[in-house]
Amino acid sequence: GKFVDWEDATIHVMSHVVHYGSSVFEGIRCYETPNGPAVFRLGSHMRRFADSCRIYRMPLKYSIDDMSRAAVETVAENGLPHCYLRPVAIRTGEQMGVLPQDTPLEVFIIPWTWGTYLGADALKNGADVCVSSWRRPAPDTFPSLAKAGGNYLNGQLSKMQARIDNYVEGIMLDSFGLVILQDDKGWQNAENLVPVVNSTWLKKNDKAATALNKLSATLTTDDL
């Protein structure tokens with residue numbers, strides 16, 4: 001790969017991705033530490049990126065190690081102490097049909113200086129959220145396991161409606177009307193929901209305690 005100046009990072013208006021949302025991506029945080037920038041779970045993110053490409057039959061020619069190395073080099077090249085990284089694979093070309101036959105696949109890693117997603121005030125005072133009237137698609141509609149650009153269209157509707165109604169965020173239920181607690185499929189706009197319960201309730205609900213302990217175990221600093 002090569003580094004591209006910001007103003008030169010463009011695609012053609014006839015690119016397949018413009019008309020059909022044919023892209024997959026990851027959102028990765030790089031944090032400032034005393035030892036320099038540290039990219040959060042880089043290997044896991046790039047593994048999911050490669051999996052998303054495979055699900056949508058996108059011929060990714062770079063390995064997970066290649067992508068991880070390029071992400072680190074991108075942070076270093078831009079001299080960023082912390083940032084958000086957006087690896088994205090997009091179908092480009094100059095054809096109109098929906099079938100991506102012989103359509104080029106271009107891959108970019110975009111560094112972006114991005115603060116707290118919901119704003120600093122949300123960290124201090126919490127965020128007002130609502131249950132969205134929009135729901136996630138049923139499992140057999142399209143492969144939501146892939147983190148694809150087109151998957152986020154109804155997420156945009158949810159977000160816009162929440163802001164119109166003076167909420168910061170909308171919580172989307174799945175097609176069965178259930179809340180997603182551990183968002184391993186990227187179904188929420190950007191956050192996970194972690195339940196908070198008291199010890200008295202947990203003593204009466206052993207099965208719930210077991211499930212929550214497994215979830216909490218992945219939230220330790222060492223494991224993250």
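A residue is called buried here if its relative accessible area is under 20%, exposed if over 50%, and partly exposed in between (1.4 Å probe, protein chains only).

A word on the model before we go on. This is a predicted model, in which local features need pLDDT of at least 70 and side-chain atom pairs count only at pLDDT 80 or more, while totals for chains, interfaces and linings use all residues. Residues are numbered from 1 along each chain as its sequence is written, and side-chain values use heavy atoms, with hydrogens and water left out.

**Around serine 132**

Serine 132 sits in strand β6 (residues 129–135); helices (H or I, at least four residues) and strands (E, at least two) are DSSP runs, numbered from the N terminus.

**Aromatic pairs**

The structure holds 4 aromatic pairs. Rings of Phe, Tyr and Trp (its six-membered ring) pair if their centres lie within 6.5 Å; planes under 30 degrees apart count as stacked, over 60 as edge-to-face and the rest as tilted. Two of the pairs are listed here.

| Pair | Type | Centre to centre | Between the planes |
|---|---|---|---|
| Tryptophan 6 and tryptophan 112 | stacked | 6.0 Å | 25° |
| Tyrosine 84 and tryptophan 114 | edge-to-face | 4.7 Å | 80° |

Tryptophan 6 lies in the segment before α1 (16–20) and tryptophan 112 in strand β5, so their pair ties together parts that are 106 residues apart in sequence. Tryptophan 6 is exposed at 61% relative accessible area, whereas tryptophan 112 is partly exposed at 43%.

In the other pair, tyrosine 84 belongs to strand β4 (residues 83–91) and tryptophan 114 to the loop between β5 and α4, so parts 30 residues apart in sequence are tied together. Tyrosine 84 is buried, with a relative accessible area of 10%, and tryptophan 114 is partly exposed, at 32%.
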